[in-house]
Amino acid sequence: MYLVFSFVLLIEYFNVKGKYYILKTVVKTTLLLIFVLSVFFLKSRSAILSLCVTIFFYLFSFVLRFFKLRKNRSLIIYASVIAILFIIFFIRFDLIFTINDVFEKLINRNSLESLGVRFEIWKSTLYAVLESPYFGHGIGDKQIELERSYYINGFDEGIDEGYNAHNQFLESLLTGGLLLFSILFLLIRKLFIQYKKTYNKSIVVFIICLISAMSFESILVRQHGIVFFCFFFCLINKGLSWKNIN
């Protein structure tokens, strides 16, 4: 999350114009390469996914600007393209195996094996969620209930390793039920509203990073995830003009 979002902040707010143009351009390009390579060295599928979607977003924005389409329409078109890609993946499931081969070559890691573990975790989490769907199990009891669900579903690895839900949306449902999930949904919705007011590309990438990370990890049960979400969420909603902060 930090690397991908730093990559975008560097693109948006590192001004190379004016004095020392060549030096600043070299520094900016070097830092961008370092961030991109660091994402791959992390061997994180969600990070690589976030970076690819982000780069696609910038290419998409350039095309739309070239054809002089409205900004509010551009976000709708972009979201539609991403949705269509997901539908294609579901229809052509064999593409996932091709992507897995690519990931194995890039990061020397079997993504299907890891996804299989996560599917077991998510299945057990849903089982626990359905036992208390409206208000959840609370912070104190959620892990106990989740491990009980692992036991019922025969997923011993989840008990031995003490796995959490590995999905922030499911984690919210498990902890606070539909009430907490609704609060999380409203917070993300607030970011879309802020983007509509400012059309700041950084907000879209922040949303991409959040949704990508939240889909595979329970980021709000870790300090680095809480700090990332709270700091940039507050900064974005404060309406600061980062263009004036150089």
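**View A. The crossing of helices H7 and H9.** In this predicted model, the axes of helix H7 (residues 138–152) and helix H9 (residues 168–198) come within 8 Å and cross at roughly 115°. Helices are DSSP runs of H or I with at least four residues, numbered from the N terminus, and the axes are lines fitted to C-alpha atoms over the stretch in contact, with angles running from 0 to 180 degrees between N-to-C directions. The crossing of H7 and H9 is right-handed, a term for a near helix turned clockwise from the far one by less than a right angle. On the H7 side, Gly138, Ile139, Lys142 and Leu146 meet Glu171, Leu174 and Thr175 of H9, where contact means heavy atoms within 4.5 Å. The residues of this contact divide into three nonpolar, two polar and two charged; Ala, Val, Leu, Ile, Met, Phe, Trp, Tyr, Cys and Pro count as nonpolar, Asp, Glu, Lys and Arg as charged, and the others, Gly among them, as polar.

Residues are numbered from 1 along each chain as its sequence is written. As the model is predicted, local features need pLDDT of at least 70 and side-chain atom pairs count only at pLDDT 80 or more, while totals for chains, interfaces and linings use all residues, and side-chain values use heavy atoms, with hydrogens and water left out.

**View B. The largest nonpolar core.** A nonpolar core is a set of buried Ala, Val, Leu, Ile, Met, Phe, Trp, Tyr and Cys residues joined through side-chain atoms within 4.5 Å; buried means under 20% relative accessible area, exposed over 50%, and partly exposed in between, with a 1.4 Å probe and protein chains only. Of the 34 residues in the largest such core, Phe5, Leu191, Val205, Phe206, Leu210, Met214 and Phe228 touch the most other members. Two or more residues each are given to this core by helix H1 (2–13), helix H2 (21–41), helix H3 (45–66), H9, helix H10 (201–216) and helix H11 (223–238), and the largest share, ten residues, comes from H10. Phenylalanine 206 touches Phe5, Leu191, Phe228, Phe229, Phe232, Phe233 and Ile236, when residues up to four places away in sequence are not counted.

**View C. Aromatic pairs.** The structure holds 15 aromatic pairs, that is, rings of Phe, Tyr and Trp (its six-membered ring) with centres within 6.5 Å, called stacked when the planes are under 30 degrees apart, edge-to-face when over 60, and tilted otherwise. The rings of phenylalanine 155 and tyrosine 163 have centres 6.3 Å apart and planes at 25°, so this pair is stacked, and both residues are buried. Phenylalanine 169 and phenylalanine 181 form an edge-to-face pair, with 6.5 Å from centre to centre and 65° between the planes. Phenylalanine 169 is partly exposed because its relative accessibility is 21%, and phenylalanine 181 is partly exposed at 27%. Ring pairs also link Tyr2, Phe5, Phe206, Phe228, Phe231 and Phe232 into a cluster.

**View D. Residues in two loops.** Asparagine 15 has its place in the loop between H1 and H2 and, at 44% relative accessibility, counts as partly exposed. Tyrosine 20 is also found in the loop between H1 and H2; its phi is near 60°, a positive value in a residue other than glycine, and it counts as exposed because its relative accessibility is 54%. Tyrosine 199, in the loop between H9 and H10, has a positive phi of about 55° although it is not a glycine.
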